[in-house]
Amino acid sequence: MRLFDTHAHYDSGAFNADRLELLASMPEQGVELILNPGCELESSKAAVELAERFPFVYAAVGVHPSDCGPWEEIWPDQLRALAAHPKVKAIGEIGLDYYWKENPPHEFQQQVFHTQLELAEELNLPVIVHDREAHRDCLETVKDHPKVTGVYHCYSGSLEDAKTLVKLGWMLSFTGVVTYKNARKSLEVIQWLPMDRIMVETDSPYLTPEPFRGQRNDSGKVYRVAETIAQVKGLDPEEVALVTLENGKRFFGIEGNV
């Protein structure tokens, strides 16, 4: 397969022991491209550094809703400076997360989300959106920024919301969660979703697919997501891998063969 893992956190401490060796092994595992999004300023910087080191790795920069508590007015300027790097292809991972009670207040998360969507519009970059237990507010927020498009990573919303996002020009991305026994809602969305709106990801080191659940996730396992989508769609897994590779390249503005 020829694969693009469009969302993996190799800046995570889970990869401290073997980060560089693991990344170097990805092309021989069929992983042609990897996009590493930041979750706050330091991880965004680390994502850019990894993109500089590996020709097939690209970066996004942004502040995750769970990490936005210390937000300062100067942060958009710092993100803007990081986004000037030619291998930064999106603003992300940004969005809303109402799942964890210890996260910043919902209204504050929304303010930070709006600010980063405004930055993406200014820079003419797509966004990578995290939406956990915040479906209505997340959708209303992106509707407030009609000039910004992006991808809902690890999509967990309804089929109705998926149809709305497709009309707005958005992409949906899926993780190893689609291989789990309780993934019925995601599979229903995939069955309806046009192939040109689908991307695949691992969210490494998290959300490891079956049959590897319980292990640390990495991009070498993203093929399981492509295989599951192929099964739902009645397509060849190689075709799904290639289409999602091209979708990712188009979405992130990555040109040519890598």
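The largest cavity in this predicted model has a volume of about 40 Å³, where a cavity is, on a 1 Å grid over the protein atoms alone, a set of points at which a 1.4 Å probe fits but cannot get out, and a volume is the space filled by probe spheres set on the points, joined across faces, edges and corners. A search of the whole structure finds 1 cavity of 30 Å³ or more. Its lining, meaning residues with an atom within 4 Å of a point, consists of Asp131, His135, Leu139, Tyr152, Tyr155, Gly157, Asp161 and Leu165.

Before going on, a word on the basis. Residues are numbered from 1 along each chain as its sequence is written, and side-chain values use heavy atoms, with hydrogens and water left out. As this is a predicted model, local features need pLDDT of at least 70 and side-chain atom pairs count only at pLDDT 80 or more, while totals for chains, interfaces and linings use all residues.

Now to the largest pocket, a pocket being an open set of points with protein on both sides within 12 Å along at least five of seven lines. The largest pocket has a volume of about 860 Å³, and 34 residues line it, of which His130, Arg132, Cys154, Asp203 and Leu207 lie nearest its centre. The elements giving two or more residues to this lining are β4 (88-97), β5 (127-132) and α7 (184-192), and the largest share, 3 residues, comes from β5.

What about the backbone? Most residues other than glycine have a negative phi, and most peptide bonds are trans. Here, however, a cis peptide bond joins Gly92 and Glu93, with omega about 20 degrees, and Glu93 has its place in strand β4. Another cis peptide bond, with omega about 10 degrees, joins Ser204 and Pro205, and Pro205 sits in the loop between β8 (198-200) and α8. Glu133, although not a glycine, has a positive phi of about 55 degrees, and its place is in the loop between β5 and α5.

Terms used: Helix = DSSP H or I, 4+ residues; strand = E, 2+ residues; numbered from the N terminus.
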